[in-house]
Amino acid sequence: MNEIQVESLGDCALLLRFGTCIDPALNAHVHAAAAALRAAGLHGVREIVPAYASIALHYDPRAWFGTDAAVSTISRLHKQVIEIIEHRSLRKPAQAQAEIEIPVCYGGEFGPDLGHVAQLAKLDENEVIARHAAADYHVAMLGFAPGFPYLLGLDPALHTPRRADPRVRVAAGSVAIGGAQTGIYPCELPGGWQIIGRTPLALFDATRDPPALLAPGQRVRFRAVGADELAFVPR
Amino acid sequence: VSIRVLGAGLLTTLQDGGRHGYAAIGVGAAGAMDDVARRLANIIVGDAEDSATLELTLRGPRLSFAADALIAITGADVEAHCGDSIVPTWRPVLLRAGAELTLVGMRHGVCAYLAVAGGIGLESVLGSRSTDVNARLGPIPHPLAVGDVLPASAAPASLCPDLWRKLRADSRDFSAFPSWSLDPTPWFDGSGAKPIHAIAGAHFDALDSASQRALFGASFRVGVDSNRVGFRLQNVALSLREPLELISEGTAPGTIQLPAGGTPIALMAEAPPTGGYPRIAHVIAVDQPRLAQRRPGDTVRFAQTDLADAQMRYLAREQAIAQLSASVRERLLHPY
């Protein structure tokens, strides 16, 4: 793996960059490193935020500001982070998380953009559904809103640009395509992704532990269900 | 013991030290816009610094207190009344049972904080009592509305019984306060004249040279569509040498992003933990509360500094707050 670059994210956070592209192997490495950092319980670090190819660490400068002015806070923290990550990679690969299946009612009122996606892909709607539900996905990162998963693994035929006019309201549970990615809106939000279906599962619930249905790095599959089945799953 | 909301104000929310530990699942910290003022309000009433306070925005609420309460108001310069009396700020004030506190407009600044001794007795949600307005999180997941009731602590007098006894004896009508107060000058810049310090971000070098000079030289104006998530910095359009396509990465409060339109956005307390725009600068931690107190339409200038200077200022600020906290505690415990 390439060298990890470090960047200041202001005076209370730093960014560790493992690469600059969206790549499943790189992303898996990010999640393994994030798990190692979390397990190490770094003093004065209160957030570890993995993304596609980077990890943000939010830290208290009081914990890392040393008396030796020649050594910056960043380099001190960077050194320890590299040690933890390298030590980790000598041990075992990241623990595989259980795959989760997400029921989706595709098309109709729940997926108003299914036709548009099909048209651009030059496929019929059933083929779009079959391909979307056939792929193996994994959660590259959570962000944008609590519990919103950015999923990698979308069939290239289904890659669809975002809408030119974002919707003011996208319903909770909407399954959507944005460029090369697919995701699920955890709550009602404004949004520009193409909506192809809806799941009855709650992606985020603050009273649940863990509150997010999906975890970074987790594998995901979709299963097409009828509207009747959607209605019977309790929310 | 409770506080009833008679008038909501423009945007009144419950805020504590913020929601930490959930950024990896997309949950931002929220917390106070001017977190120093919030902490000082708690310090003045003898509460833990992390206790939840009310954050008042531009126009405050009207509140009625069912029992005696020791309060403090800090932050923006807010006009506060109780009956015919003016309620002074930056000091402890005893409100008697039945008091009606009216917080009108801010003369200077944006956010004021109201702490109530003993805190607000609501359960944390994901480790915090802060309201995240957009994510609808917190024990009160929305801005306060008329009719909301906030449970206050049952036995706040036990924190500093002598002060309570003295103020109860002093009170003629609905309020009483000691003669001392904190000097707000180090903590609140009502004139808004001082520059805001920032560190160059990872994509500062990607700005064209005119934009690099403008960022640390020109006067920006706080956009009217600014909010708890971000401040739009208008008046000076910035541009990159060539467009950058970035993938989403972590951001932090204070990060100044540059969307394609050329109007920078400074991320504030309620910003999400990730973003995909170029990061041209970061407002340093000690100046984030100062930026938060600039009103829509106010001008803002940025002065460049470096990480070591920013962190030394942070350490110095924390030391000053700790000293202040110790001396306030002495006064609370020994009011005579």
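Modeller: Start at N235(B), which lies in the loop between β13 (230-234) and β14 (249-250) of chain B. Strands here are DSSP E runs of at least two residues, helices are H or I runs of at least four, and both are numbered from the N terminus.

Colleague: What is the phi of N235(B)?
Modeller: N235(B) has a positive phi of about 95 degrees, although the residue is not a glycine.

Colleague: Is N235(B) buried or exposed?
Modeller: N235(B) counts as exposed, at 52% relative accessibility. Buried means under 20% relative accessible area, exposed over 50%, and partly exposed in between, with a 1.4 Å probe and protein chains only.

Colleague: Before I go on, what sort of model is this, and how is it numbered?
Modeller: The model is predicted: local features need pLDDT of at least 70, side-chain atom pairs count only at pLDDT 80 or more, and totals for chains, interfaces and linings use all residues. Residues are numbered from 1 along each chain as its sequence is written, chains are lettered from A and ligands numbered from 1 in the order in which they are written, and side-chain values use heavy atoms, with hydrogens and water left out.

Colleague: What about L126(B)?
Modeller: L126(B) is not a glycine either, and has a positive phi of about 50 degrees. L126(B) is in the loop between β8 and β9 (149-151) of chain B, and counts as buried at 10% relative accessibility.

Colleague: Changing topic, how many residues are in the largest nonpolar core?
Modeller: That core has 88 residues, and F65(B), L70(B) and F302(B) are among those with the most contacts inside it. Strand β8 (residues 100-116) of chain B gives the largest share, 10 residues. A nonpolar core is a set of buried Ala, Val, Leu, Ile, Met, Phe, Trp, Tyr and Cys residues joined through side-chain atoms within 4.5 Å.

Colleague: And what does the second core include?
Modeller: The second core is separate, has 46 residues and includes W64(A), I199(B), L307(B) and Y314(B).

Colleague: How many residues are in contact between chain B and chain A?
Modeller: 37 residues of chain B are in contact with 44 residues of chain A, where contact means heavy atoms within 4.5 Å. The area buried between the two chains is about 3,100 Å², and carbon and sulfur atoms give 65% of that. Buried area is the accessible area (1.4 Å probe) that two parts lose on being put together, summed over both.

Colleague: Which residues in chain B lose the most area to chain A?
Modeller: I25(B), I247(B) and Q311(B), together 19% of what that side buries.

Colleague: What helices and strands does chain A have?
Modeller: Chain A has 6 helices and 13 strands. Of its 235 residues, 52% are buried.

Colleague: At what angle do α4 and α5 of chain A pack?
Modeller: Helix α4 (residues 114-121) and helix α5 (residues 125-134) pack at about 95 degrees, with axes 9 Å apart. That makes α4(A) roughly perpendicular to α5(A). Axes are lines fitted to C-alpha atoms, for helices over the stretch in contact, and angles run from 0 to 180 degrees between N-to-C directions. Under 35 degrees counts as roughly parallel, over 145 as roughly antiparallel, 65 to 115 as roughly perpendicular and the rest as oblique.

Colleague: Where is Q181(A)?
Modeller: Q181(A) is in strand β10 (residues 181-184) of chain A, and is buried, with a relative accessible area of 9%.
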